[in-house]
Amino acid sequence: MKLSELAHRTGGTLVGVDAEFTGFALDNREVQQGQVFVAIKGHRVDGHEFVASAFQDGAIAAMVERPVDGPHLLVSDVIEALGNLGRSLREEFTGPVVGITGSNGKTTAKEMVAAALSPLGPVLKNVGNQNSEYTSPLAWFGLTSEHKSAVIEMGMRGLDQIRHLAEISKPNLGLITMIGSAHIEMVGSRQGIAD
C-alpha cells in the first residue's frame, strides 16, 4: 500500500513524498525497514518523542497527531485513524467474520475458531494477542484476496471499547469466552465488564 492510500483510508494528510510501505510499528524499538511508525501518546510516554529514532531504524513515515520532522501522516486522532483504516479494509471483505472477546481465553479461542474455519481456506486473524484499540484494526492490513474468513480478537480496557472494535470489524458472529474480573478497575464492576 502507498502512503497516499493510507492517508485516504485514515482521513489523514500526507506530508512528504509518497512511497510504498510494508506495515506498522507501534513501538520504536520494534521498527523494521519500510514500516510506518505509529506515534501513540500514552499516559506516561508520548510516541511523538521517538519519531526521530524510528526514522533512524528504518521507518518510512510516521502516523502522528502533530507535525514532526520527516515524512508523516498527520491525523487528528490515532485511534480514530487506525479504526478508519481497519473499517475501510473490512468493507472490502465479503467472507464470514467472527469477533472474539472475553476476560480470559480470547487468544486460544481465536486460534481454535481459526483452525475450525481453515478448511474453507486461508483465515485472516490477529497476530498473537494483538487485540487493543491500536492493534486489532491493524489485523485487516493483512487481508488478501486469498482469505476466505476472518477471526478478530478484541480486548477491553474500558467502557465502549468492544463496541468501537466491533464497529470496525463488523463480525457476523460474536463469541464471548467469559465475563470475569480483568480490568474491573476501569469499569467499576463485573456488570460493567458484561456491559
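Predicted model: local features only at pLDDT ≥ 70, side-chain atom pairs only at ≥ 80, totals over all residues.
Colleague: Why is Asp18 called partly exposed?

Modeller: The relative accessibility of Asp18 is 31%. Buried requires under 20% and exposed requires over 50%, so Asp18 counts as partly exposed.

Colleague: Where does Asp18 lie, and which residues does Asp18 touch?

Modeller: Asp18 is found in the loop between strand S1 (13–15) and strand S2 (23–25). Leaving aside residues up to four places away in sequence, Asp18 touches Lys2, Leu3 and Ser4.

Colleague: What makes the approach of the side chains of Asp18 and Ser4 a polar contact?

Modeller: The two side chains come to 2.7 Å, and the cut-off for a pair of N or O atoms is 3.5 Å. The side chains of Asp18 and Ser4 therefore make a polar contact.

Colleague: What makes S6 and S8 paired strands?

Modeller: Pairing requires at least two bridges, and four bridges join S6 to strand S8 (residues 149–153), so these strands pair. S6 and S8 run parallel, and Val97 stands opposite Ala150 in S8.

Colleague: Which residue in S9 is the bridge partner of Val98?

Modeller: The partner of Val98 is Leu173. Strand S9 (residues 173–176) also pairs with S6 in the parallel sense, over four bridges.

Colleague: Which residues have the most contacts inside the largest nonpolar core?

Modeller: They are Leu6, Phe24, Met63 and Trp140, in a core of 29 residues. Helix H1 (3–10), strand S3 (35–38), strand S4 (61–64), helix H3 (78–90), S8 and helix H5 (161–169) each supply at least two of its residues. H3 gives the largest share, five residues. Not counting residues up to four places away in sequence, Phe24 touches Leu6, Gln35, Val36, Val38, Met63, Leu85, Leu138 and Phe141.

Colleague: How many residues are in the second, separate core?

Modeller: That core has 10 residues, including Ala25, Phe37, Val51 and Ala62. In soluble globular proteins, nonpolar side chains tend to be buried together.

Conventions: Residues numbered from 1 in each chain as written. Heavy atoms only, no water. Core = buried A, V, L, I, M, F, W, Y, C linked by side-chain atoms within 4.5 Å. Buried < 20%, exposed > 50% of the residue type's maximum accessible area, 1.4 Å probe, protein only. Contact = heavy atoms within 4.5 Å. Polar contact = N/O pair within 3.5 Å; in protein donor to acceptor, adjacent residues only side chain to side chain.
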